[in-house]
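Student: I would like a close look at one residue and the strands around it. Please take me through its setting step by step.

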Amino acid sequence: MNEILLQALKEKGIIDEFKPEKSYGIAVKADMPKSMLQYSGIYGASGATITIDITEDGVMSVASEPSPNNPTQIYEYSDDGTFRSTDGNTMNSFVKEENGRTYLWTRQYASLPGLGQTAMSMYNAEKLQPQDLPKKTIEAWNERDGKNYYLLNEKYTSLVYLVGPSKQLPGYVLDKRITSPNTAISELQIPGTSGRDLSGYSFFTQNGIEYLKSGASVLVSEEAVKPLNVANKSIITIPSSGYAEWYTVGNEDGGKTIKVSMSSNASFAVYNKEGACIYFSVIGEKEPITLPEGGTIVFAGDAGTKFEISA
């Protein structure tokens, strides 16, 4: 929109030329005070955590814990007390606010071809403080470490089913502080998008099956997810709870193709063994689907909806 307005102003002769894009400039080399080392640690934002490591020679690395495959971001200390990217478009500093909390303050110029330049200034994350947990609490959460929890109550057209299973991380669960063997809460106080839509975790057991509630979402532990067992013909029915039905794809069914017949108020999605969605019926073509070995498949719809599966 900015670019369109600027082009219109230039055509009308109101402005003669566009101003050059802005930058904070590259870091001006300087000795970093050792007091800056205190800002290394784990920082939280809504549904995420990042690890910030600052070295004595003034290099700050920022890595996303939920997405360890994402490249680590590197910034260099500058003589004004900030850490800057090599292209000069991003500048970071740390602020201790009156509430006693420490924040990562990020300022950035971002340019998109044909759309112009956008400036951003926000508290990007809040430093999390370590805590001691009772032995019983530690044991309960350690048992969940590495488990998959599968979403049950999203509408069948929801794009959430494109994301795949939710995986729990050990220790401080993302931005959430563990408060008991079965609960964790987010206590972030960050203005703007990094502090919005906060939710906690609450585990409960029903009929011997463990469930996880987070906000309005309900998820089920991987122990409740059984193999699909593809036969010549089978029927899957959504229970009265309206919860989605999840299945794993065993070695014997990997590579097999299936056809799914269902009503219009339903959907199904297929994930590979890495948890990436490879087919979603809401946007996919209606054709035989090849099942990935070690993958999963979910069927979602209104209570009572039936899926007829044929091999």
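Tutor: In this predicted model, start with a bridge: tyrosine 43 has lysine 127 of S8 as its bridge partner. Lysine 127 belongs to strand S8, which covers residues 116-127. The pairing between S1 and S8 is antiparallel and consists of two bridges.

Tyrosine 43 also has a bridge partner in S2, namely isoleucine 50. Strand S1 (residues 41-45) and strand S2 (residues 48-54) run antiparallel and are joined by five bridges. Two residues lie between S1 and S2 in a hairpin, and glycine 47 in the turn has a positive phi of about 70 degrees. As a general point, strands of a sheet pair through backbone hydrogen bonds, in a parallel or antiparallel sense.

Now the side chain of lysine 127. Lysine 127 is buried but has no salt bridge. Aspartate 53 is the nearest side chain of opposite charge, and it is 11 Å away. What the side chain of lysine 127 does reach is backbone oxygen: that of glutamine 38 at 2.5 Å, and that of serine 40 at 3.1 Å.

The contacts of lysine 127, leaving aside neighbours within four places in sequence, are Gln38, Tyr39, Ser40, Gly41, Ile42, Tyr43 and Thr102. Gln38 and Ser40 in that list are the residues whose backbone oxygens the side chain reaches, at 2.5 Å and 3.1 Å respectively.

Notes. Residues numbered from 1 in each chain as written. Predicted model: local features only at pLDDT ≥ 70, side-chain atom pairs only at ≥ 80, totals over all residues. Heavy atoms only, no water. Helix = DSSP H or I, 4+ residues; strand = E, 2+ residues; numbered from the N terminus. Buried < 20%, exposed > 50% of the residue type's maximum accessible area, 1.4 Å probe, protein only. Lys, Arg positive; Asp, Glu negative; His and termini not counted. Salt bridge = Lys/Arg side-chain N within 4 Å of Asp/Glu carboxyl O. Polar contact = N/O pair within 3.5 Å; in protein donor to acceptor, adjacent residues only side chain to side chain. Contact = heavy atoms within 4.5 Å. Pairing = 2+ DSSP bridges.
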